[in-house]
Amino acid sequence: MVRADPHQPFLQMQGIVKVFPGARALDGVDLEILPGEVHCLLGQNGAGKSTLIKVLAGAHQPTEGQILLDGEPINISDPVAALRHGVATMYQELDVVDGLTVAENVYLGHELSTMGFSQRREAVRSTREILKRLGHSEISPSKEVGNLSAAGKQIVSMARALSHDARVIVMDEPSAVLDSEEVGNLFRVVKELTAAGVAVVYISHRLEEIREIGDRITVLKDGRTVAQNLPVSETPTVKLITLMTGRSVEYVFPDATELPDGAPVVLDVAGLSLRGTFADVSMQVRAGEIVGLAGLVGSGRSEILETVYGARRATAGRVEVDGRRLRVGSVASAVDAGIGLAPEERKSQGLLLDEPVYRNVTLSTFSRFAKGGFLDERAERRAAKEQADSLELRPTGVDRPIRTLSGGNQQKAMLARWLVHGCRVLLLDEPTRGVDVGARAEIYALIRRLADEGAAVVVVSSEIPEVLGLADRVLVISEGRVVHEGPTASIDEHQVLDMVMEGSVA
Ligand SMILES: Nc1ncnc2c1ncn2[C@@H]1O[C@H](COP(=O)(O)OP(=O)(O)OP(=O)(O)O)[C@@H](O)[C@H]1O
Ligand SMILES: [Mg+2]
């Protein structure tokens, strides 16, 4: 049931403190939610956003503070209690179960184990309905979730949140794994929900999204509320950035460096194909050059990088580095030639959760730190520390287990792994996903510096402004084909968007 008065907060969090061993993640946070609003929660990586919403979701117990629902203090002892109070949550780390079907995942919180046959059939039916509402009739409720892409998993997580008759739906960086079309679908659903009086708490590092969908903003910094209930329409972006970072970071891209005429081609890809996924992709990337691949999720962008890297076996075409041809489908051959790939799903692809941060950063370069069979841990730690500092990793120490870092800081640590490497060819899939505005600028500058030092860089990003701002040249990919190639200076966001969408509706 939704309360009528849209001006009275129905949900309040007051003075929330959360202490972990060795970290005071929340240090007195206030939050107030109105019915039918989109309330944006902003803050840098590690500010405490996810911790706060886990307290609201019953996944963490607060050390201090209280939560009021309709003015009455409530105790959210566990996730089931949160749902009973009308709080549904989509977590930042997708918490879907790979071995279960889509419908089973959606109805996980509904005690499926006690469901009879007819209830299961009902679960499948209503899952199908919710997926349709989300614009995803093509996802079958009986499909195993492990077979879905990250975006697909996010959609399942969204369907689950919608399956509860919630008064507030919390979304922790839902757009991080979605492309612009998916984000459009998400926003359409958010508008339907809020029109029906449901509140949405929305977390994102993309400030353009906040402008588009948000009503009010609460800003966290170092575990405290530093600004509350700011109307989106009256709050300039510079003010938000200053509140979040304590300084006025410019959200800018580094200047492109003019390529010297004789800059050699380092990466040469010709007619590369992967049957059923992409076909006839050719590109030449010179030393010092950054090439961007723009396209929707599912257009084949990531697969192109993975095939260049040899992790997928090309069905046609060739890859050369410095004029030497690589063995088809051989990662070893790619690595020998100096290719590095920072994959899209960095977390699932190689994060050692219980190992310290420095070990995670230096993993791919292990051999460099081994002297006569012994690991030189000090050198290893020093290299990691240097890279972590340049990416503004928080907290700054590199000895704690990586599991205890915030989502965005884990991403930064994984990116640091590839930047320590010193590659000839750097393939970066969504390098700034989940990373806050301050650190983004650092990452862009770092990528440009690596190019200036002679690397050939290929970047995939769902954010078209990022591709255009960072890269020298862009390849637009639609349905597995290159539909445009040219300098980023001579094309704008809308033109790219048109090309990207054209193929997808055909
Ligand atoms: N289980 C834990 N043990 C120790 N410290 C933790 C734990 N979980 C979170 N922290 C710390 O609490 C702080 C807040 O983390 P949180 O995940 O809430 O940040 P966030 O605002 O969601 O950041 P991001 O934008 O990167 O997702 C960070 O300093 C983090 O390292
Ligand atoms: Mg988080």
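Predicted model: local features only at pLDDT ≥ 70, side-chain atom pairs only at ≥ 80, totals over all residues.
Close-up 1. Residues are numbered from 1 along each chain as its sequence is written, chains are lettered from A and ligands numbered from 1 in the order in which they are written, and side-chain values use heavy atoms, leaving out hydrogens and water. Because Ser50 belongs to helix α1 and Gln92 to the loop between β6 and α3 (102-106), the pair ties together parts 42 residues apart in sequence.

Close-up 2. Helices (H or I, at least four residues) and strands (E, at least two) are DSSP runs, numbered from the N terminus. In α1, 8 of 8 residues are buried, among them Lys49, Thr51 and Lys54. Just after this helix, Gly58 has a positive phi of about 80 degrees.

**Close-up 3. The open antiparallel sheet.** Here 4 strands line up in the order β2-β1-β4-β5, with antiparallel pairing; two strands pair if DSSP finds at least two bridges between them. At the edges, β2 (23-33) and β5 (72-74) each pair on one side only. Strand β1 (residues 11-20) meets β2 over 8 bridges, and Lys18 has Leu26 in β2 as its bridge partner.

**Close-up 4. Strands β6 and β7.** Look here for parallel pairing: β6 (residues 87-90) joins β7 (residues 168-172) over 4 bridges. Thr89 has Val170 in β7 as its bridge partner. Val87 and Thr89 point one way from β6, Ala88 and Met90 the other, and all are buried.

**Close-up 5. The largest pocket.** Which residues are the closest to the centre of the largest pocket? Of its 48 lining residues, they are Gly46, Thr404, Leu405, Ser406 and Gly407. The largest share of the lining, 5 residues, comes from α13. A pocket is an open set of points, on a 1 Å grid over the protein atoms alone, where a 1.4 Å probe fits, with protein on both sides within 12 Å along at least five of seven lines; lining residues have an atom within 4 Å of a point.

Technical notes. Buried < 20%, exposed > 50% of the residue type's maximum accessible area, 1.4 Å probe, protein only.
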